[in-house]
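Please open the model in your viewer and keep the selection panel at hand.

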Amino acid sequence: MGETMSIDSPTQTAQLNGPTHRSYQVRTAAALLSNPDTHHIVNIPVGGGKTETALEYIAAAYNDTPDSYTALITCPNGRLQSQWKSRIEEYDLTDQLTVYVNEKATTKTRQTNTHFRASDSGGKSLRDRKQRLKEWEDNSFSRSKQQSIANADIVLSTHQLLKSDIDNGRFDSEFLNAQTTDLIVDEVTNFLAVDQQPGFSDTANSPREYRLSKYYAPYANDLSSPSSPRLIGLTGLIGPRIDGIQSLFDTTLIRPDLDAINEYRPDVSTVGPHTTAGGGVERLLEGLQAQFQTAKT
């Protein structure tokens with residue numbers, strides 16, 4: 001199990017490329033920078049600026065080693081990928097770094113408008129030509145993707161598409177790992193999946209076991225190797241999955257000071273009462289549980 005690092009922060013701000021950065025974000029990024037050989041989980045509540053913290057770190061890490069630094073950022077869905085892309089552009093990182101946003105192919109195989117006789121030989125010949133054309137376009141697309149990540153400082157992808165690219169030969173997982181300095185996983189609690197097979201138990205008294213999610217397995221199985229990328233996981237959640245990840249990869253957990261974060265989350269005072277003991281969320285859950293028991297009976 002890895003250790004937990006607390007980041008205490010005074011209420012002051014720092015400045016990087018325009019947007020205001022909160023001091024606990026800068027200090028968290030500095031902690032990541034000063035421990036380059038350690039896997040980390042950054043645990044900041046929703047609205048506390050996980051993305052900004054990671055970008056602060058990426059900019060600093062690139063400044064230290066501009067010729068060899070590459071970050072692979074994976075997200076659980078396209079919506080978060082779009083948010084990352086917008087933030088990267090907002091911080092003007094595209095002016096300094098080469099950013100490759102991994103997306104699905106948007107061009108379809110061209111239609112072959114060939115007239116042929118209505119015979120088996122003619123039909124098969126046309127199908128063969130279409131198949132050869134599709135294979136050529138697929139191979140060209142694959143070469144383009146592989147070259148793009150070879151030239152990129154930041155690769156941004158959903159983990160589903162990344163797995164598909166590896167499974168279909170568009171990316172080589174060994175090449176991807178060899179070229180990546182930091183694997184930054186947004187919502188890192190998705191990194192693990194519940195499994196009935198022997199694995200990593202979340203607590204000593206829980207029967208729940210975890211395994212590496214199938215979406216991450218093609219490129220994250222070797223994170224325990226000294227030559228593999230460093231894992232930097234981001235999450236706004238707390239709970240047993242973090243313990244599972246810490247057990248699996250011996251990560252250090254970083255939690256900035258909550259009071260400093262809440263000063264920059266003006267909505268927390270209105271949300272808070274609903275999530276406290278006896279609040280609206282608890283009553284809703286109790287009602288759902290009662291309905292479940294009624295239906296079960």
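Which side chain meets that of Arg170 in a salt bridge? In this predicted model, the partner is Asp165, with 2.5 Å from N to O. Select both residues: Arg170 counts as buried at 18% relative accessibility, and Asp165 is likewise buried, at 0%.

This pair belongs to a set of six salt bridges found in a search of the whole structure. For the next stop, select Glu52, Arg87 and Glu90, which a network of salt bridges links. Between Arg87 and Glu52, the closest N and O atoms are 2.2 Å apart. Glu52 is buried at 13% relative accessible area, whereas Arg87 is partly exposed at 29% and Glu90 is partly exposed at 42%.

Now select residues 50–64, helix α2. Its 15 residues reach 21 Å from the first C-alpha to the last, close to the 21 Å expected. Twelve of the 15 are buried, among them Leu55, Tyr57, Ile58 and Tyr62.

Finally, select Thr158 in strand β7 (residues 154–158). Thr158 is buried, with a relative accessible area of 11%. Its side chain reaches the backbone nitrogen of Leu161 at 3.2 Å. Display also Cys75, Asn77, Gly78 and Gln81, which Thr158 touches.

Note on methods
Residues are numbered from 1 along each chain as its sequence is written. This is a predicted model: local features need pLDDT of at least 70, side-chain atom pairs count only at pLDDT 80 or more; totals for chains, interfaces and linings use all residues. Side-chain values use heavy atoms; hydrogens and water are left out. Helices (H or I, at least four residues) and strands (E, at least two) are DSSP runs, numbered from the N terminus. Buried means under 20% relative accessible area, exposed over 50%, partly exposed in between (1.4 Å probe, protein chains only). A polar contact is a pair of N or O atoms within 3.5 Å; within protein, one must be able to donate a hydrogen and the other to accept it, and residues adjacent in sequence count only if both atoms are side-chain atoms. Contact means heavy atoms within 4.5 Å. The expected span of a helix is 1.5 Å times one less than its number of residues. A salt bridge is a side-chain nitrogen of Lys or Arg within 4 Å of a carboxyl oxygen of Asp or Glu. Lists of a residue's contacts leave out its neighbours within four places in sequence.
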